[in-house]
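Colleague: Could you walk me through this model and tell me what stands behind the terms you use?
Modeller: Gladly, let's look at it together.

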Amino acid sequence: MANFKFNHIALSVKDVNASVDFYQNVFQFEELENTASNSKTRWLSLGEGRELHLIPRSDAVIKTNKAVHFAMATSDLTAFITHIETLGIAYSDWKDTPLKNYVRDDGIRQVYFQDPDAHWIEVNEAF
């Protein structure tokens with residue numbers, strides 16, 4: 001069987017510019033050239049050859065629950081929490097307790113928040 005590696009995640013977004021601003025402000029993701037088409041889809045680098053593709057769909061109804069999320073790991077969760085608090089981003093633990101981080105059974109702390117289109121994002125310290 002062929003080998004596989006993770007390439008990208010694609011999200012439908014109502015306002016692609018607002019979403020790019022959000023992800024760049026929160027994570028400092030670098031924008032990449034969309035080499036696939038001349039569409040308004042914008043690409044951001046997640047690092048290590050992995051990408052986030054933001055696909056504009058102004059009429060999309062986006063509804064997910066917290067179990068449908070993607071996760072980013074950081075070496076300093078405390079500093080990241082301070083950063084998103086400065087940006088005015090509400091966060092919670094897995095159980096929806098506002099402004100609280102959650103400690104998994106393996107000792108890893110994590111927080112959850114949503115982007116402008118209500119996609120769930122987890123940030124944890126499993127770096």
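Colleague: Which residue is the bridge partner of Gly47 in β4?
Modeller: Arg50 is the partner of Gly47 there. Please keep in mind that this is a predicted model, where local features need pLDDT of at least 70, side-chain atom pairs count only at pLDDT 80 or more, and totals for chains, interfaces and linings use all residues. Residues are numbered from 1 along each chain as its sequence is written, and side-chain values use heavy atoms, without hydrogens and water.

Colleague: What makes β3 and β4 a pair?
Modeller: Strands pair if DSSP finds at least two bridges between them, a strand being a DSSP run of E with at least two residues. β3 and β4 have 5 bridges, in the antiparallel sense, so they meet that definition.

Colleague: Why is Asn34 called buried?
Modeller: Buried means under 20% relative accessible area (exposed is over 50%, partly exposed in between, with a 1.4 Å probe and protein chains only). Asn34 has 15%, so it counts as buried.

Colleague: What does the side chain of Asn34 reach at 3.0 Å?
Modeller: That is the backbone oxygen of Thr41. A polar atom of the Asn34 side chain also lies 3.3 Å from the backbone nitrogen of Ser37.

Colleague: Why are α1 and α2 called oblique to each other?
Modeller: Their axes cross at roughly 140°. Under 35 degrees is roughly parallel, over 145 roughly antiparallel, 65 to 115 roughly perpendicular, and the rest oblique; α1 and α2 are therefore oblique.

Terms used. Axes fitted to C-alpha atoms, helices over the stretch in contact; angles between N-to-C directions. Helix = DSSP H or I, 4+ residues; strand = E, 2+ residues; numbered from the N terminus. Polar contact = N/O pair within 3.5 Å; in protein donor to acceptor, adjacent residues only side chain to side chain.
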